[in-house]
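Here are some notes to read alongside the model, written as numbered points. Please keep the structure open while going through them.

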Amino acid sequence: MKVLIVEDEPKTADYLERGLREQGYVVDVARDGLDGKHMALEYEYDVIVLDVMLPGTDGFSVLHALRERRQTPVIMLTARDRVDDRVRGLREGADDYLVKPFSFLELVARLQALTRRSRGQEAMQLRIADLQIDLLARKAWRNGQRLDLTAKEFALLAALARRKGEILSKTTIAELVWDVNFDSDTNVVEVAVKRLRSKLDDPFKPTLLHTVRGMGYVLEVRDEQSEDA
Amino acid sequence: MKLSISKRLAAMFAVASFVMLAVLSVAMHGLLKRELERHQSNELQARWTMYKPIIMRNDDVEHWEYVRTKFDNSISENNRVSLWVQSNDSRFLYGSSLTDEQRHMIGTRGFGQAMLPGHDAPLKTYSAEVEARGERPAVLLTVGIDSKPFVETLRAFTVGLIALTVVGALGAAGLGYYIARVGMRPLDRLSGEARGLSPGHLSRRLQTDTLAPELSELADSFNGALSRLETAYQQLEAFNADVAHELRTPLGNLIGQTQVTLSRERSVTELKEALHSNLEDLERLRAIVNDMLFLARADRGERAPNRVEVSIAQEVSHAVEYLEFIFEEAGVKVRIEGDAQASIETSLFRRAVTNLLQNAVQHAPRGAEIVVFVLQQPGAIRVSVQNTGSGIAREHLSRLFDRFYRVDSSRSGSRENHGLGLAIVRAVATMHGGTVFAESESGATTIGFTVAA
Ligand SMILES: Nc1ncnc2c1ncn2[C@@H]1O[C@H](COP(=O)(O)OP(=O)(O)OP(=O)(O)O)[C@@H](O)[C@H]1O
Ligand SMILES: [Mg+2]
């Protein structure tokens with residue numbers, strides 16, 4: 001997966017580059033609008049992360065130039081929480097936007113959503129260790145034993161299982177499970193995770209649902225030593 | 001080019017007085033002309049009556065010579081006067097020869113006029129028949145007088161009137177300009193005062209007690225605008241202080257924690273722990289900043305941009321569904337009463353309702369029931385969340401919706417509650433053209449908002 005980051009703020013550009021590289025992306029960075037426009041047009045990328053406020057030419061004109069030639073997915077980063085910026089970005093062909101300050105996990109989730117869109121059909125059966133999930137029948141088993149999950153608990157499990165090994169932020173989970181697309185500081189997600197855990201992990205080994213403090217939750221098999229407290 | 005009000009007024013005065021004087025002058029000119037003409041006619045008739053007996057008394061050819069001498073004398077005495085006697089009998093004639101045209105102009109009866117060579121004003125005439133007597137046939141006696149004095153009088157008068165009109169208009173302009181300047185003086189004073197206003201003296205106002213009624217209204221509106229500005233300015237200052245205060249706690253934690261962690265060699269686990277803890281504080285900062293940005297949008301007067309027509313009860317039930325686990329944990333039930341259709345931005349609306357429900361569940365005792373009322377009112381839809389519990393003291397009610405305001409001030413800077421929940425409810429209401437309200441009586445607290453229908 002190849003991604004271009006167009007961002008002039010050095011610290012932001014650096015951590016994005018490192019973070020995405022560690023997520024397995026091949027990352028190019030352009031540090032102003034002119035470079036960004038040039039690279040976006042000359043090379044092939046799977047997705048472009050584009051800051052709105054750039055020296056040289058601003059993000060909108062980069063987007064404009066890009067859309068005349070290519071349909072590469074673009075996520076805009078807007079510093080101002082201004083609706084007109086967002087509306088303008090989406091109208092001129094951006095596929096998604098994030099308002100600064102945004103969380104890195106959020107960005108990763110959006111990037112995956114954008115690149116997944118083109119990947120097509122997903123499997124209907126998921127399997128992690130002894131956990132087995134039938135997405136169509138909305139049923140789950142562990143160790144051959146049926147798990148008695150409510151609708152929301154199943155939705156939470158499915159969301160995590162689909163992105164096995166990825167950390168999902170609370171915001172992303174709230175969006176996927178409850179279709180809540182606003183920041184909310186409720187502990188709904190925590191409670192839901194607690195409930196799911198009591199059915200998924202408490203009776204079985206190994207533990208699959210892990211908390212990453214300050215970041216979110218991940219469903220994966222870990223060796224017990226490296227586990228968080 | 002923009003003319004000053006004084007100059008404009010002066011010009012208007014000038015035009016007005018010019019028109020008035022011009023009309024007056026035309027009328028006076030007409031009057032004088034008529035009078036002069038009447039005077040001329042009287043003189044002509046008087047002279048005709050004076051000359052007629054001379055012809056009457058002499059009725060044969062011998063005496064006609066006498067008539068001629070008499071007329072000649074008369075004319076040489078008064079060179080303004082001309083005389084003609086016309087008749088079919090060539091023996092009874094008098095006066096210079098006339099061209100056909102002149103004869104035609106003079107006519108045979110009554111008044112006429114003719115241009116004579118050597119005169120620059122026309123000759124006014126009066127003609128009438130003198131009946132036949134003896135040898136003399138009926139003759140036509142014409143008296144003419146030179147109108148030059150009349151014409152000259154009229155001309156002098158006209159010149160005088162024109163001069164008067166022009167000078168009068170100019171005078172009016174000058175006077176008008178002066179009067180306007182005097183009238184404008186309070187305005188000058190006012191703008192001088194307005195120049196003296198500055199952010200440093202926000203409470204200063206324009207003086208209105210000595211102003212004319214027209215201006216004091218303007219000054220009052222201006223003062224009203226100043227008051228609103230002052231309030232906004234003060235809110236902004238308080239706001240900055242609030243934000244700084246709220247951010248100080250997590251920032252302090254972050255700096256302190258990081259310094260402590262770095263002051264010794266630490267194991268990977270300890271370092272990880274520190275980073276996780278930092279991340280929590282940072283997430284909190286981010287949440288606060290995002291909320292502040294959201295509130296700023298409402299403060300700027302932004303309206304909810306993506307509205308759709310939906311059932312309010314249904315939107316409320318979405319929010320209830322989201323918080324379902326929380327209600328179960330807290331052992332409370334939620335009921336929705338009433339419904340209405342309204343055009344709202346659903347994500348904003350759900351956020352507001354979520355905040356209200358969250359507050360209610362935090363303050364309701366175990367086993368309680370929370371009721372959400374949806375009420376259709378004229379022009380607005382009212383959404384309120386009611387819960388039992390210890391209630392809110394009266395003095396807090398009005399400030400509940402202020403940002404960072406918490407009833408229990410010891411909770412300020414707390415990890416869980418930022419004190420922004422109700423401020424966001426108010427912002428959402430504002431963005432939908434509505435307001436907020438809160439009441440707390442005999443153990444039941446009702447807090448809610450309206451959206452414009
Ligand atoms: N239903 C209620 N009953 C009693 N007190 C309430 C109720 N709702 C709000 N309050 C009081 O009003 C204050 C302001 O509420 P608000 O939602 O704005 O902030 P918060 O709940 O403290 O923080 P946040 O919602 O940002 O997490 C709270 O401190 C709370 O004490
Ligand atoms: Mg609250």
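1. The accessible surface of chain B comes to about 25,500 Å², and 57% of that area belongs to carbon and sulfur atoms. Please bear in mind throughout that this is a predicted model, and that the areas, distances and contacts discussed here were computed from it.

2. Turning to the make-up of the chain, the secondary structure of chain B comes to 11 helices and 11 strands. Of the 453 residues in chain B, buried residues make up 39%. When contacts in chain B between residues at least 6 apart in sequence are considered, 66% of them join residues at least 24 apart.

3. Where does ligand 1 lie? Ligand 1 lies between chains A and B, and there are 19 residues around it, of which B:Asn359, B:Asn387, B:Gly419, B:Leu420 and B:Leu422 come nearest. Sorted by class, the shell around ligand 1 has eight nonpolar, eight polar and three charged residues.

4. In chain B, α9 (346–363), α11 (421–431) and β11 (444–452) each supply at least two residues of the shell around ligand 1, while α9(B) gives the most, with three residues.

5. The backbone of chain B also deserves attention where it meets oxygen atoms of the ligand. A backbone N or O atom of B:Leu420 lies 2.9 Å from an oxygen atom of ligand 1, a polar backbone atom of B:Gly421 is 3.1 Å from an oxygen atom of ligand 1, and for B:Val407 a backbone N or O atom lies 3.3 Å from an oxygen atom of ligand 1. Taken alone, ligand 1 exposes 600 Å², and the protein buries 92% of that area.

6. A further point concerns B:Glu193, which is found in helix α4 (residues 148–195) of chain B.

7. Which residues does B:Glu193 touch, not counting residues up to four places away in sequence? On that basis, B:Glu193 touches B:Arg205, B:Leu206 and B:Gln207. B:Glu193 and B:Leu206 are 13 residues apart in sequence, and their C-alpha atoms are 6.5 Å apart in space.

Methods
Residues numbered from 1 in each chain as written. Chains lettered and ligands numbered in written order. Predicted model: local features only at pLDDT ≥ 70, side-chain atom pairs only at ≥ 80, totals over all residues. Heavy atoms only, no water. Near = heavy atom within 4 Å. Polar contact = N/O pair within 3.5 Å; in protein donor to acceptor, adjacent residues only side chain to side chain. Areas by Shrake-Rupley, 256 points an atom, 1.4 Å probe, with all protein chains shown as cover. Helix = DSSP H or I, 4+ residues; strand = E, 2+ residues; numbered from the N terminus. Nonpolar A, V, L, I, M, F, W, Y, C, P; charged D, E, K, R; others polar. Buried < 20%, exposed > 50% of the residue type's maximum accessible area, 1.4 Å probe, protein only. Contact = heavy atoms within 4.5 Å.
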